[in-house]
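This report concerns a protein and its ligand. Please examine the sequence and the structure shown below before reading on.

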Amino acid sequence: MTTPRLGLFGGTFDPPHRGHLALAEHCLRALSLDAVWWIPCGQPALKQHAAASAEQRRAMVELAIAGRPEFALCDVELRRQGTSYTVDTLAEIADQHDRLHLWWLMGLDALVDFPRWREPRRIVSLVRLAVVDRPGDESDQVRSSLPQWLADRVDWVPMPLVDAASRTIRAESAQGPTSRLGLPDSVAEYIAKHRLYTAA
Ligand code: ATP
């Protein structure tokens, strides 16, 4: 039996948008993954608290990935108390499932921050990193400045730039009804219905 190939995609997903979907889709195909597990964080380590609650972010991810059998939600970080550290998540997943080829999926901005994550060397001993370009960071510059221990563990996945960011969607929503650009329709409807990210 061949070893299953699994992509783990962590994020705040506050809200999930078309950039996230493109990333998961391109990694799935480029690395011939069997599945991508979307892992909304409980309490982000390097960001402020999420604006939407854990349950709302879970619901929005479920809507965003609906109808895609290769995508699944994994709530391991939502169930854990305190700050979400990727290294703990991986230890938990590795404990429960042996014999998996694992990748941690991320955009270029996350790779730039990666050396500041908790136990980055341990993380890359457990998974390879699948990285896509993201507007805002210069790919060649980042690639050439990576330390060898990290560069050796990165798989670069080609993807056209997708100019979408949760913070922009939150900021736009605070100004008025959420523009659907950048969001799956189902997520835009959820945001409108629950009046998320409004200024009041
Ligand atoms: P915020 O704007 O609140 O910082 P975000 O849009 O970066 O949020 P996250 O949920 O923090 O969204 O991102 C999860 C992962 O998805 C990160 O690895 C990030 O680099 C990646 N990502 C998010 N948006 C894009 C995009 N447009 N293109 C490529 N990667 C992206």
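## The largest pocket

Which helices and strands each supply at least two residues of the lining of the largest pocket? In this predicted model, they are β1, α1, α4 (86–96), β4, α5 and α9. The largest share of this lining comes from β4, with 4 residues.

The volume of the largest pocket is about 1,200 Å³. It is lined by 46 residues, of which G11, T12, K47, D109 and A110 are the closest to its centre. Sorted by class, the lining consists of 23 nonpolar, 12 polar and 11 charged residues.

## The ligand and its surroundings

The ligand takes up the space of the largest pocket. There are 24 residues around the ligand, and those that come nearest are K47, D109, R134, S166 and R167. By class, this shell has 10 nonpolar, 8 polar and 6 charged residues. At least two residues of the shell are supplied by each of β1 (5–11), α1 (18–30), β4 (101–107), α5 (108–113) and α9 (166–175).

For R134, an N or O atom of the side chain is 2.7 Å from a ligand oxygen. For R170, a polar side-chain atom lies 3.0 Å from a ligand oxygen, and for F13 a polar backbone atom is 3.0 Å from one. On its own the ligand has 610 Å² of accessible area, and the protein covers 95% of it.

## The second largest pocket

The second largest pocket holds about 240 Å³ of space. Of its 15 lining residues, D163, A164, A165, T168 and I169 are the closest to its centre. The helix α9 gives the most to this lining, with 3 residues. By class, the lining has 6 nonpolar, 3 polar and 6 charged residues.

Conventions. Residues are numbered from 1 along each chain as its sequence is written. This is a predicted model: local features need pLDDT of at least 70, side-chain atom pairs count only at pLDDT 80 or more; totals for chains, interfaces and linings use all residues. Side-chain values use heavy atoms; hydrogens and water are left out. A residue is near a molecule or strand if one of its heavy atoms lies within 4 Å of it. A polar contact is a pair of N or O atoms within 3.5 Å; within protein, one must be able to donate a hydrogen and the other to accept it, and residues adjacent in sequence count only if both atoms are side-chain atoms. Accessible areas come from the Shrake-Rupley method with a 1.4 Å probe; for residues, only the protein chains shown count as cover. On a 1 Å grid over the protein atoms alone, a cavity is a set of points where a 1.4 Å probe fits but cannot get out, and a pocket is an open set with protein on both sides within 12 Å along at least five of seven lines; lining residues have an atom within 4 Å of a point. A molecule sits in a cavity or pocket if more than half of its atoms lie within 2 Å of its grid points. Ala, Val, Leu, Ile, Met, Phe, Trp, Tyr, Cys and Pro count as nonpolar, Asp, Glu, Lys and Arg as charged, and the others, Gly among them, as polar. Grid points are joined across faces, edges and corners, and a volume is the space filled by probe spheres set on the points.
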